[in-house]
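The structure is shown first.

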Amino acid sequence: MIVMKVLGINTSPRKESNVRIALETALKALEAKDVECEIVDVNAMVISPCQGDNYCKEHESQCALNDDMVEIYEKIEEADGIILASPIYFCDVNAQAKAVIDRLYSYFMDETYQELFSSKKVSIIATHGAAPLEAFESSLNTQMAAFQVLGFQPGDILALNDNNVPGSIKDKAEQLKQASELGEKLL
């Protein structure tokens, strides 16, 4: 029996994070379909910013930095699907999400990885407070485009509003339903 795997990348530093709760909800929908799911909590990891040294271009997409991103690379390569979960603090994904996305540059222009990723889908969940979607929608589209450039199939982008207070999403049945549906549609 082939076991499908989905990696959830949680970038929120908050306890009771709304975006982590939404991510867990999406993954529970997948687990109900016998999909193996795992969450990595990026804020607890040491991930340095991309140094732009192009070491990866001369070393088969291996990054010169030997930090916790190595673990995320391995999990991305093994996963059948990915859900990136980021809070929106100020009109963009947070710094932790951006660090992970920037470090994916090591895969850029590598045909072996483009082929590997071509069967994998990425979805994005974002939670935010009061800013209108128009303030950061283009940023979410840009982050999805980064995954597409690497060969991934685009999945859904879900922005869940009015979630500034940690844990407040627990009382929002419609938003949790949307997160569950995002999970169900990933594979």
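How many salt bridges does a search of the whole structure find? The search finds 10, a salt bridge being a side-chain nitrogen of Lys or Arg within 4 Å of a carboxyl oxygen of Asp or Glu.

## Basis of the model

This is a predicted model, in which local features need pLDDT of at least 70 and side-chain atom pairs count only at pLDDT 80 or more, while totals for chains, interfaces and linings use all residues. Residues are numbered from 1 along each chain as its sequence is written, and side-chain values use heavy atoms, with hydrogens and water left out.

## Helix α1

Helix α1 spans residues 18-31; helices (H or I, at least four residues) and strands (E, at least two) are DSSP runs numbered from the N terminus. Its 14 residues reach 20 Å from the first C-alpha to the last, close to the 20 Å expected at 1.5 Å a residue (1.5 Å times one less than the number of residues). At the start of α1, the backbone nitrogen of V19 has a side-chain oxygen of S17 within 3.3 Å.

Because 10 of the 14 residues of α1 are buried, the helix is largely enclosed by the rest of the structure. Buried means under 20% relative accessible area, exposed over 50%, and partly exposed in between (1.4 Å probe, protein chains only). Among the buried residues are V19, I21, L23 and L27. The elements that cover them include strands β1 (5-10), β2 (36-41) and β3 (81-87), as well as helix α7 (173-186), where contact means heavy atoms within 4.5 Å.

## Salt bridges

E24 is partly exposed at 28% relative accessibility, as is R20 at 24%. R20, E24 and D41 are linked in a network of salt bridges.

In helix α4 (residues 95-103), D102 and K98 also lie 4 residues apart, and their side chains meet in a salt bridge (2.7 Å, N to O). K185 pairs with D156, with the closest N and O atoms 3.1 Å apart. This pair links distant parts of the chain, with K185 in helix α7 and D156 in strand β5, 29 residues apart.

## Nonpolar surface patch

I2, M4 and L187 make a nonpolar surface patch of about 300 Å². Patches take residues with over 30% relative accessible area and no salt bridge, joining like charges within 9 Å and nonpolar side chains (Val, Leu, Ile, Met, Phe, Trp, Tyr) within 5 Å. L187 lies in the segment after α7 and is partly exposed at 42% relative accessibility.

Note on methods:
Polar contact = N/O pair within 3.5 Å; in protein donor to acceptor, adjacent residues only side chain to side chain. Areas by Shrake-Rupley, 256 points an atom, 1.4 Å probe, with all protein chains shown as cover.
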